[in-house]
Amino acid sequence: MNIYLKQHYSISGAIHIKGEGYSFNFPFENRCEINVTTSHLEVNAVFSTEEIITDSDLVKMSPKFKKVVNHNLNHMRQNAFYLINLLKYSLNNDWITEELLTLNTSEISIDNLNWKDIPKESMLQMGPSTSPRYLTQEASITIQNYINQKIDPFVALKHLHRARKDEVPRHMWIEATIAAELAIKEFLIRLKPDMEFILLELPSPPLSTLYGKVLEHYIGEKYPKYNKLGDGAKIRNQLIHRPKETDITYEKAVAYVQIVEEAIYFLLRRLYPEDPIINSGGVGQIQVRHLEQ
């Protein structure tokens, strides 16, 4: 039977449109159509399943059915971001921001007439491995110490945040790899300032070497997942130089971004072992979570 899906997005910015809006068709198992207006985008898709699904099944989705639905929603999401990215740069429209889109709601139907919201906790989303901290009295003292000592955050964290906020797997992967590359250099320069010239002027060793043997030499331990960072850098290079040959799913990109975030905080905790902000919360909580309603 056919299952109908619908996603509603807000465009981050605006598109200059003559007319009420336009529709675009995308390859899909059965059909995927995207309707665009000045500030909104709606994705409609149909996929087939051998199972007989009832209204009750839509309310209490089984783990197997959730997986199938998420798989199709992921393809819809990729199509949505592909289209808005295409419109932004093809039309030279810098009114559309780099965030491109924000997903508002997703719906599901078995008759294309009666629609049910898909609860957000059923949607795979980026989950913070080191959750945002509160500004407390203790934290304010630490921040003042940063000011007094002229300590800046790692530039790598800017790229990490970009990776976490993006929803395009390719962009997420590239930004996360940049974050990993910058973080290890910033760490080593702060640890051994006389290494700055070598690190900035000479070609960098592979990430697996920097987070493996190099870290072990200077601090006595490797980052446990150093090989995954090395593999991630290779995939990043493929995404840049051979984008059509490399396919990254949203789920895989989420997992990789979280490995990079874990690596950056691994470095920060070794560099500032007594820092109450860096060492509070989040440790050992790397996970893909589901959003609460």
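Q: Let's start with two helices: is the crossing of H7 and H8 right-handed or left-handed?
A: In this predicted model, H7 and H8 cross in a right-handed way. Going by residue class, their contact takes in 5 nonpolar and 4 polar residues, with no charged ones.

Q: How do I read the packing of H7 and H8, and what is their angle?
A: Here's the general idea: a packed pair of helices is described by the angle between the axes and by how far apart those axes are. In this case, H7 (residues 207-219) and H8 (residues 226-241) pack at about 165°, and their axes are 7 Å apart. Angles over 145 degrees count as roughly antiparallel, so that's what H7 and H8 are to each other.

Q: Which residues of H7 and H8 meet?
A: From H7 it's Leu207, Ser208, Tyr211 and Gly212, and they meet Tyr226, Asn227, Leu229, Gly230 and Ala233 of H8.

Q: Now the sheet: what is the order of its strands?
A: In general, backbone hydrogen bonds pair the strands of a sheet, in a parallel or antiparallel way. Here you've got an open sheet of 6 strands, ordered E2-E3-E4-E1-E5-E6, and the pairing is antiparallel. E2 (22-26) and E6 (116-117) are the edge strands, each pairing on one side only.

Q: Which strands does H2 lie across?
A: H2 lies across E1, E2, E3, E4 and E5, at about 40° to E1.

Definitions and conventions:
Residues are numbered from 1 along each chain as its sequence is written. This is a predicted model: local features need pLDDT of at least 70, side-chain atom pairs count only at pLDDT 80 or more; totals for chains, interfaces and linings use all residues. Side-chain values use heavy atoms; hydrogens and water are left out. Axes are lines fitted to C-alpha atoms, for helices over the stretch in contact, and angles run from 0 to 180 degrees between N-to-C directions. Helices (H or I, at least four residues) and strands (E, at least two) are DSSP runs, numbered from the N terminus. Angles under 35 degrees count as roughly parallel, over 145 as roughly antiparallel, 65 to 115 as roughly perpendicular and the rest as oblique. A crossing is left-handed if the near helix is turned anticlockwise from the far one by less than a right angle, and right-handed if clockwise. Contact means heavy atoms within 4.5 Å. Ala, Val, Leu, Ile, Met, Phe, Trp, Tyr, Cys and Pro count as nonpolar, Asp, Glu, Lys and Arg as charged, and the others, Gly among them, as polar. Two strands pair if DSSP finds at least two bridges between them.
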